[in-house]
Amino acid sequence: MKFQSEDKRSILNRLVDGSLSLTTNQEYLNLISLFPGKGEIFRAYGDFLWRREKKNEAFRNYTHAARIFLSEGKTFQAIV
């Protein structure tokens, strides 16, 4: 499926603001493949994994998100 860039931004914004709820591991992996450099997705995926008691995997995703945020100069997002 091809997404227009406006559609991609809308998906990302909805995930960040909480109006889009993903329910499967594969949905997150698909979204990560569309936005490999967006820390917001890795943070949301970390939250998803944490709720499913996959603490080590969640930690890896939180760490990856923090690295992305720091590389973009977004210190506050990296620590929240």
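Predicted model: local features only at pLDDT ≥ 70, side-chain atom pairs only at ≥ 80, totals over all residues.
Which residues does F35 touch, not counting residues up to four places away in sequence?

**View 1. Surroundings of F35.** When residues up to four places away in sequence are not counted, F35 touches K8, I11, L12, I41 and F42. F35 is also among the residues with the most contacts inside the largest nonpolar core.

**View 2. The largest nonpolar core.** This core has 20 residues. Those with the most contacts inside it are L15, Y28, L31, F35, I41 and Y45. At least two residues of the core are supplied by each of the helices α1 (5–17), α2 (25–34), α3 (39–51) and α4 (55–71). Helix α3 gives the largest share, six residues.

**View 3. N61 in helix α4.** N61 has a relative accessibility of 11% and therefore counts as buried, the limit for that class being under 20%. Leaving aside residues up to four places away in sequence, N61 touches F42, Y45, G46 and L49. Of these contacts, Y45 is also one of the residues with the most contacts inside the largest nonpolar core.

**View 4. F69 in helix α4.** F69 is buried, because its relative accessible area is 1%. Residues up to four places away in sequence being left out, F69 touches G39, E40, R43, K74, Q77 and A78. The C-alpha atoms of F69 and L34 are separated by 18 Å, and these two residues stand 35 residues apart along the chain.

**View 5. The salt bridge between E53 and K55.** A search of the whole structure finds two salt bridges, and one of them joins E53 to K55. The closest N and O atoms of this pair are 3.6 Å apart. E53 counts as exposed because its relative accessibility is 59%, a class that begins over 50%. K55 has a relative accessible area of 29% and is therefore partly exposed.

**View 6. The salt bridge between E72 and K74.** In this pair the closest N and O atoms are 3.3 Å apart. E72, at 37% relative accessibility, counts as partly exposed. K74 is likewise partly exposed, at 30% relative accessibility. Besides forming the salt bridge with E72, K74 is among the residues that F69 touches.

Definitions and conventions:
Residues numbered from 1 in each chain as written. Heavy atoms only, no water. Core = buried A, V, L, I, M, F, W, Y, C linked by side-chain atoms within 4.5 Å. Buried < 20%, exposed > 50% of the residue type's maximum accessible area, 1.4 Å probe, protein only. Helix = DSSP H or I, 4+ residues; strand = E, 2+ residues; numbered from the N terminus. Contact = heavy atoms within 4.5 Å. Salt bridge = Lys/Arg side-chain N within 4 Å of Asp/Glu carboxyl O.
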